Amino acid sequence: LIIAKGAKQLLCDRRPYAVEVDDGSRVPARTIIIATGAEYRKPSLDNLSKFESAGVYYAATFIEAQLCRDEEVIVVGGGNSAGQAAVFLAQTARRVHMLVRSDGLAETMSRYLIRRIEQSPGVDLRLRTEIVALEGDYHLERVRWRDNQTGDVETRDISHVFVMAGAIPNTHWLDGCVALDAKGFIKTGPDLSQDDLAAANWPLARAPYLLETSLPGVFAVGDVRGGSLKRVASAVGEGSIAVSFVHRTLHE
């Protein structure tokens, strides 16, 4: 059973497991693959969806870095993911404007990343600043941001914005059935500690398979899984791997 959307509750206290779906019915299954994803935290901008994948991105990988080579870009966010994106993009972009709504980074970012940002001449850190408008026809062309301390609004011809404000995993329906990390993402395979397995009363002599949760026969793939790359291609690959482990589990 592959669960991507519509799940209301996982009933995990007995085998076979069961998933309650939106219409109230229950679907039994010996094995389950969870692929319910995550909801990205997004700025409150009326036309944000218009520019998603057309100038607004939620990940900073080699592909995006090549798209904005030698251009000015914006990174939104003050956590570790934003800091990592800013440092990474500064290697190829002409300038990285890092917009942070708070007064500083000390409470949300590791000291190591803060030092990297401070030492990077290509990163322009702007505290107490947020985007107030996105403009363009078919692709993002201009960005307006506001300094919330002075009230000044500035318009810049920037075509690439990286929103790195975190994500909320769709794990609320699991109701304590599987071990989660500190941010609520599902822990799998080698990321599961002995304490996690002890707390879950792991019943098997073997360790969890790669992508298997703390619940035997239940796997997690894609954005909902802790440590995932948050990319479609990697999620598809994880799904294929999980299916192979499902077959192995069914033959145990």
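Which residue is the bridge partner of G136 in β12? L140 is.

## Model and numbering

This is a predicted model: local features need pLDDT of at least 70, side-chain atom pairs count only at pLDDT 80 or more, and totals for chains, interfaces and linings use all residues. Residues are numbered from 1 along each chain as its sequence is written, and side-chain values use heavy atoms, with hydrogens and water left out.

## The β11-β12-β13 sheet

Three strands form an open sheet in the order β11-β12-β13, with antiparallel pairing. β11 (129-136) and β13 (153-156) stand at the edges with a single partner strand each, so one side of each has no neighbour in the sheet. Neighbouring strands here are turned by 20° against each other on average, direction ignored. The angle is taken between axes, which are lines fitted to C-alpha atoms; angles run from 0 to 180 degrees between N-to-C directions.

β11 and β12 (residues 140-147) are joined by 7 bridges. Strands are DSSP runs of E, at least two residues; helices are runs of H or I, at least four; both are numbered from the N terminus. Two strands pair if DSSP finds at least two bridges between them.

## Strand β3 and its partners

Strand β2 (residues 7-11) runs antiparallel to β3, with 4 bridges. Q9 has E20 as its bridge partner. A hairpin through 5 residues joins the two strands. On β4 (residues 26-29), the pairing is also antiparallel, over 4 bridges. There V19 stands opposite V27. The hairpin of β3 and β4 has 4 residues between the strands, and its G24 takes a positive phi near 90°.

How many residues of β3 are buried? The count is 5 of the 5, so the strand is largely enclosed by the rest of the structure. Buried means under 20% relative accessible area, exposed over 50%, partly exposed in between (1.4 Å probe, protein chains only). Y17, V19 and V21 cover one side, and A18 and E20 the other. In a regular strand the side chains alternate between the two faces of the sheet.

Is D196 buried or exposed? D196 is buried, at 17% relative accessible area. D196 lies in helix α5 (residues 194-199). Leaving aside neighbours within four places in sequence, D196 is in contact (heavy atoms within 4.5 Å) with A179, K187 and D191.

I63 sits in helix α2 (residues 62-67). I63 counts as exposed, at 54% relative accessibility.
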